[in-house]
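Please bring up the structure, and we will take it step by step.

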Amino acid sequence: MVRTIAIIDHKVIINPPFRQINEMKPDWFWVDFDSPTPGETNLLRTFFDFHPLAVEDCVNALQRPKVEFYENHLFYVLHALDNKTLEATEVDIFTTKNSVVTFHKTNVPEIDFVWKYLSELETIPPELGKNELLHKLMDKLVDMYFPIMHELEERVISIESNEDDEAPKIINQIFDIRGDLLTLRKTVVPMRELLYRMLESKRVGLDAEERSYFHDIYDHLLRLTDMMTSAREMTSDIRDNYISLNSYRMNNIMKTLTVITTIFMPLTFIAGLYGMNFVNMPELQTKNGYFYVLGFMVLLGASMSIWFKKKGWFEQD
């Protein structure tokens, strides 16, 4: 589907004849390619005459967010993220002297939101031009990153406050969150670099007022970056704490087993010594030898237990 909005004398014209739009001499216009067919996609080459490399980026697999400067137009690659799966959808934007062209292979709710906003206006203020449209598109895409980030933060906090789950389950949850943070980072950091290039380049043609609006988006991306860094540090701390706690518990278990083993070592030695089958063992002929040895073993085990207890080996740290 290809849909068009043209601005003529500050009036909003919805879906004017597509191939006659230049003859209408609009102030500027917006063409949105929403899930286009191969024939509609070919219009990027034949009708708009965009650079072949930019068109190739639109058609091929998912590209990282970026901005490229060509002679007659600028080409932006942005990402829209699914709130549940974090799957990225590429949104390509071309801007020329008097037009904005958006291209996306699947439906993007953020694009629909901006389209609905413009289409409901009968007239638009003079200051709302193609750069303002570009700002609204970018701003809406970036705003939708925040619910994803907030949901990840809530998951981290819920893990931190949960003391019931076992360590393996918590570790798995932490690695899931860190994977989602990495997926989000692959979009946010390139988007931040994209905005930085826009603000530093004179080829975008932003005036002082427009720069302040795009700088606001850049600040949002910086904030998202800080939030991701903080969340990753929290997950690292939680992971390290649970690994340390698990090691601490294992050390206590090993200490208990060591104490038990140490107590039974001399008893095992005595039992093994008198378990030998030599004929000439004087102690074997003693009338009450069995009871003497058994009593000695009990006394020895009790004495060692008392001594270990005084040393604090039975105490759990």
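**Reading helix packing**

Q: What is the mean pLDDT of the protein?
A: This is a predicted model, and the mean pLDDT of the protein is 84. Of its residues, 97% reach 70 or more.

Q: Where is confidence lowest, and where is it highest?
A: Where pLDDT is low, predicted coordinates should not be read in detail. Here, confidence is lowest in helix 9, at a mean of 80. Confidence is highest in strand 5 (residues 74-81), at 92.

Q: What describes two packed helices?
A: Two values do: the angle between the axes and the distance between them. Take helix 4 (residues 109-119) and helix 5 (residues 130-143). Their axes come within 9 Å and cross at roughly 140°. Helix 4 and helix 5 are therefore oblique to each other. Helix 4 passes helix 5 in a right-handed crossing.

Q: Which residues of helix 4 and helix 5 make the contact?
A: Helix 4 brings Glu-110, Ile-111, Phe-113, Val-114, Tyr-117 and Leu-118. Helix 5 brings Leu-133, Lys-136, Leu-137, Lys-140 and Leu-141. By class, this contact of helix 4 with helix 5 has 8 nonpolar, no polar and 3 charged residues.

Q: At what angle do helix 6 and helix 8 pack?
A: Helix 6 (residues 145-161) and helix 8 pack at about 20°, and their axes are 10 Å apart. Angles under 35 degrees count as roughly parallel, so helix 6 is roughly parallel to helix 8. The crossing of helix 6 and helix 8 is left-handed.

Q: Which residues meet between helix 6 and helix 8?
A: From helix 6 come residues including Tyr-145, Phe-146, Met-149 and Glu-153. From helix 8 come residues including His-220, Leu-221, Arg-223 and Tyr-242. The contact of helix 6 with helix 8 divides into 14 nonpolar, 3 polar and 3 charged residues.

Q: At what angle do helix 8 and helix 9 cross?
A: The axes of helix 8 (residues 208-273) and helix 9 (residues 289-311) cross at roughly 160° and come within 10 Å. That makes helix 8 roughly antiparallel to helix 9. Their crossing is right-handed.

Q: Which residues meet between helix 8 and helix 9?
A: In helix 8, look for Val-259, Thr-262, Ile-263, Pro-266, Leu-267, Ile-270 and Ala-271. Among their partners in helix 9 are Val-293, Phe-296, Met-297 and Phe-308. The contact of helix 8 with helix 9 has 12 nonpolar, 3 polar and no charged residues.

Q: Which residues does the annotation "transmembrane region" cover?
A: In an unreviewed UniProt entry, the annotation covers residues 257-277 and 289-308. Now check each span in the model. Residues 257-277 are 81% helix and 0% strand, with end C-alpha atoms 31 Å apart. Residues 289-308 are 100% helix and 0% strand, with end C-alpha atoms 28 Å apart.

How values were computed. Residues are numbered from 1 along each chain as its sequence is written. This is a predicted model: local features need pLDDT of at least 70, side-chain atom pairs count only at pLDDT 80 or more; totals for chains, interfaces and linings use all residues. Side-chain values use heavy atoms; hydrogens and water are left out. Axes are lines fitted to C-alpha atoms, for helices over the stretch in contact, and angles run from 0 to 180 degrees between N-to-C directions. Helices (H or I, at least four residues) and strands (E, at least two) are DSSP runs, numbered from the N terminus. Angles under 35 degrees count as roughly parallel, over 145 as roughly antiparallel, 65 to 115 as roughly perpendicular and the rest as oblique. A crossing is left-handed if the near helix is turned anticlockwise from the far one by less than a right angle, and right-handed if clockwise. Contact means heavy atoms within 4.5 Å. Ala, Val, Leu, Ile, Met, Phe, Trp, Tyr, Cys and Pro count as nonpolar, Asp, Glu, Lys and Arg as charged, and the others, Gly among them, as polar. pLDDT is the predictor's confidence in each residue, from 0 to 100. UniProt positions are given in the numbering used here, feature names are shortened, and annotations may be inferred rather than shown by experiment.
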